[in-house]
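Subject: Structure handover and findings

Hello,

Here is the structure for your files. My notes on it follow below.

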Amino acid sequence: MTSHRTLVVVAHPDLAASRITAALADAVTDLDGVTVRELASAYPDRRVDAAREQELLREHDTIVLQFPWHWYSMPGVLKEWMDQVLRYGFAYGAGGDALHGKRLQLVISTGGPESSYTPTGHNRFTMAELLRPLDATAHLCGMDMAEPLILHSAPRATPEELAAHAARYRELLSAVPAAAGR
Ligand SMILES: Cc1cc2nc3c(=O)[nH]c(=O)nc-3n(C[C@H](O)[C@H](O)[C@H](O)COP(=O)(O)O)c2cc1C
């Protein structure tokens, strides 16, 4: 039994049209201590209830940002959430220590294969390089960023590959990270 709590923020502009993000969210929704928060349906007009989201963040130890890779970045719905929720005095700056010591876990699916995310590959940069803004955000907010869980070539994943990846995701969230929690 664990008191460790995990908030999964699912950010897809249209979950009904999603194969991967929807399947991965479904795979973890029944886990003990896990809260799944789906942004696009919670905020169809993109007006985020910052106080509610901040309360949810305070209540959890690990924060998962789960999203499809869109234009080498996060979907707009997640950027909107970040802009409105991670405010001065909450997430950073004077008194902004609400996220200190929490763990940030990114869960991402990409269209491109892993080999395309290399200096000589089609996409020119590694995922680690492209994820630097989120790495910097975690650092500014005093969070520990875990190794991202990435499913490459997502649209071409077979049902078996998707199921295996979903099982890895469940395992990741089931294991309580020793460094996290307060
Ligand atoms: C607007 C948009 C932008 C995308 N940009 C990228 C990209 O920059 N790099 C990439 O590898 N895949 C990109 N893709 C492919 C998606 O990452 C992929 O289809 C998605 O992870 C599949 O998940 P889903 O079934 O939940 O939508 C993009 C897809 C869309 C719709």
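Is Asp-83 buried, partly exposed or exposed? Asp-83 is partly exposed, because its relative accessible area is 46%. Please keep in mind throughout that this is a predicted model.

Salt bridges

Asp-83 forms a salt bridge with Lys-79, and the closest N and O atoms of the pair are 3.0 Å apart. Lys-79 and Asp-83 are four residues apart in helix α4, so about one helical turn separates them. Lys-79 is also partly exposed, with a relative accessible area of 41%.

The search of the whole structure gave five salt bridges. Another one of them joins the side chains of Arg-52 and Glu-55, at 3.6 Å from N to O. Both residues lie in helix α3, three residues apart, which is about one turn of the helix. Arg-52 has 33% relative accessibility and counts as partly exposed. Glu-55 has 41% and also counts as partly exposed.

Arg-170 forms a salt bridge with Asp-30, with the closest N and O atoms 2.7 Å apart. Arg-170 lies in helix α7, and Asp-30 lies in the loop between α1 (20-28) and β2 (34-38), so this pair ties together parts that are 140 residues apart in sequence. Arg-170 counts as partly exposed at 30% relative accessibility, whereas Asp-30 counts as exposed at 56%.

Cavities

The structure holds two cavities of 30 Å³ or more. The largest cavity has a volume of about 100 Å³. Its lining includes Leu-57, Ile-63, Leu-65, Trp-81, Met-82 and Leu-86. Also in the lining of the largest cavity are Leu-99, Leu-104, Leu-134, Thr-137, Ala-138 and Met-143. By class, these residues divide into eleven nonpolar, one polar and no charged. At least two residues of this lining come from each of β3 (62-68), α4 and α6 (132-140). The largest share, three residues, is supplied by α6.

The second largest cavity holds about 40 Å³ of space. Leu-39, Tyr-43, Arg-46, Val-48, Val-77, Glu-80 and Trp-81 line the second largest cavity. Here α4 gives the most, with three residues. The lining of the second largest cavity divides into five nonpolar, no polar and two charged residues. Trp-81 is listed in the lining of the largest cavity and in that of the second largest cavity.

Pocket

The largest pocket has a volume of about 170 Å³. Which residues lie nearest the centre of the largest pocket? They are Ile-20, Pro-68, Ser-109, Ala-154 and Pro-155, out of 14 lining residues. By class, the lining of the largest pocket has six nonpolar, seven polar and one charged residues.

Backbone

Arg-46, from the lining of the second largest cavity, has a phi near 65°, a positive value in a residue other than glycine. Arg-46 lies in the loop between α2 (39-42) and α3 (50-59). At 35% relative accessibility, Arg-46 counts as partly exposed.

Tyr-72 also has a positive phi, near 60°, and is a residue other than glycine. The loop between β3 and α4 is where Tyr-72 sits. With 37% relative accessibility, Tyr-72 counts as partly exposed.

Surface

Tyr-88, Tyr-92 and Leu-140 form a nonpolar patch on the surface, and together they have about 330 Å² of accessible area. Tyr-92 lies in the loop between α4 (76-85) and β4 (103-109). Why does Tyr-92 count as partly exposed? The reason is its relative accessibility of 31%, since partly exposed covers the range between buried, under 20%, and exposed, over 50%.

Ala-164 is partly exposed, with a relative accessible area of 36%. Ala-164 and Ser-3 are 161 residues apart in sequence, and their C-alpha atoms are 27 Å apart in space.

Regards

Technical notes
Residues numbered from 1 in each chain as written. Predicted model: local features only at pLDDT ≥ 70, side-chain atom pairs only at ≥ 80, totals over all residues. Heavy atoms only, no water. Patch = residues over 30% accessible without salt bridge, like charges linked within 9 Å, V, L, I, M, F, W, Y side chains within 5 Å. Areas by Shrake-Rupley, 256 points an atom, 1.4 Å probe, with all protein chains shown as cover. Salt bridge = Lys/Arg side-chain N within 4 Å of Asp/Glu carboxyl O. Buried < 20%, exposed > 50% of the residue type's maximum accessible area, 1.4 Å probe, protein only. 1 Å grid on protein atoms, 1.4 Å probe; cavity = no way out; pocket = protein on both sides within 12 Å on 5 of 7 lines; lining within 4 Å. Points joined across faces, edges and corners; volume = space filled by probe spheres on them. Nonpolar A, V, L, I, M, F, W, Y, C, P; charged D, E, K, R; others polar.
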